[in-house]
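Please look over the sequence and the structure shown here before reading on.

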Amino acid sequence: MSFAFDKPMIVRIMEPITAIVGVYFVYVFIINYETELMASLGFLLLGALAIADGFILHLRKRCAWSLNLVALMAIAIVGLYMFVSSGSSLGAMIFAMMAILTLSWCM
């Protein structure tokens with residue numbers, strides 16, 4: 001069985017991945033808020049969204065997977081923006097990981 005069709009594996013890894021990405025985006029906000037406040041507020045918003053998504057997934061709420069797909073797509077778009085605007089290899093990695101998880105879950 002491939003990873004793409006292993007739903008329990010995806011369920012197990014979604015909470016830590018969204019939490020790690022959320023903490024990273026909050027970290028980006030903390031190190032950049034003095035110089036680029038408006039740009040870094042987006043990272044704070046996405047970090048809070050990702051962390052909240054992890055908690056909602058953990059609680060197994062009815063809207064959890066819909067919110068999760070929206071959060072993954074938003075994080076993937078931000079990763080793509082980080083890669084295109086500044087050539088960040090970490091942004092490309094975030095985009096690739098979130099896009100693969102989104103596609104895997106949608107299957």
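## Overall fold and confidence

The secondary structure of this protein consists of four helices and zero strands, and along the sequence these elements follow the pattern α-α-α-α. The model is a predicted one, with an average pLDDT of 78 and with 89% of the residues scoring at least 70. Confidence is lowest in H4, where the mean is 79, and highest in H3, where the mean is 82. Where pLDDT is low, predicted coordinates should not be read in detail.

Of the 107 residues in the protein, 35% count as buried. The exposed surface comes to about 6,500 Å², and 75% of that area is supplied by carbon and sulfur atoms. Among contacts between residues at least 6 apart in sequence, 57% join residues that are at least 24 apart.

## The nonpolar core

The largest nonpolar core has 18 residues, and those with the most contacts inside it are Phe-25, Phe-43, Ile-75, Val-78 and Met-98. Helix H1 (7–32), helix H2 (37–59), helix H3 (64–86) and helix H4 (89–106) each supply at least two residues of this core, while the largest share, six residues, comes from H3. Once its neighbours within four places in sequence are left aside, Met-98 is in contact with Ile-17, Val-21, Leu-72, Ile-75 and Ala-76.

## Aromatic pairs

| Pair | Distance between ring centres | Angle between planes | Arrangement |
|---|---|---|---|
| Tyr-24 and Phe-25 | 5.9 Å | 45° | tilted |
| Phe-25 and Phe-43 | 5.5 Å | 50° | tilted |

Phe-25 lies in helix H1 and Phe-43 in helix H2, so their pair ties together parts that are 18 residues apart in sequence. Tyr-24, Phe-25 and Phe-43 form one aromatic cluster.

## A buried threonine

Thr-18 has its place in helix H1, and because its relative accessibility is 1%, Thr-18 counts as buried. A polar atom of the Thr-18 side chain lies 3.0 Å from the backbone oxygen of Glu-15. Leaving aside neighbours within four places in sequence, Thr-18 is in contact with Ala-50, Ile-51, Asp-53, Gly-54, Asn-68 and Leu-72.

Notes:
Residues are numbered from 1 along each chain as its sequence is written. This is a predicted model: local features need pLDDT of at least 70, side-chain atom pairs count only at pLDDT 80 or more; totals for chains, interfaces and linings use all residues. Side-chain values use heavy atoms; hydrogens and water are left out. A nonpolar core is a set of buried Ala, Val, Leu, Ile, Met, Phe, Trp, Tyr and Cys residues joined through side-chain atoms within 4.5 Å. Buried means under 20% relative accessible area, exposed over 50%, partly exposed in between (1.4 Å probe, protein chains only). Contact means heavy atoms within 4.5 Å. Accessible areas come from the Shrake-Rupley method with a 1.4 Å probe; for residues, only the protein chains shown count as cover. A polar contact is a pair of N or O atoms within 3.5 Å; within protein, one must be able to donate a hydrogen and the other to accept it, and residues adjacent in sequence count only if both atoms are side-chain atoms. pLDDT is the predictor's confidence in each residue, from 0 to 100. Rings of Phe, Tyr and Trp (its six-membered ring) pair if their centres lie within 6.5 Å; planes under 30 degrees apart count as stacked, over 60 as edge-to-face and the rest as tilted.
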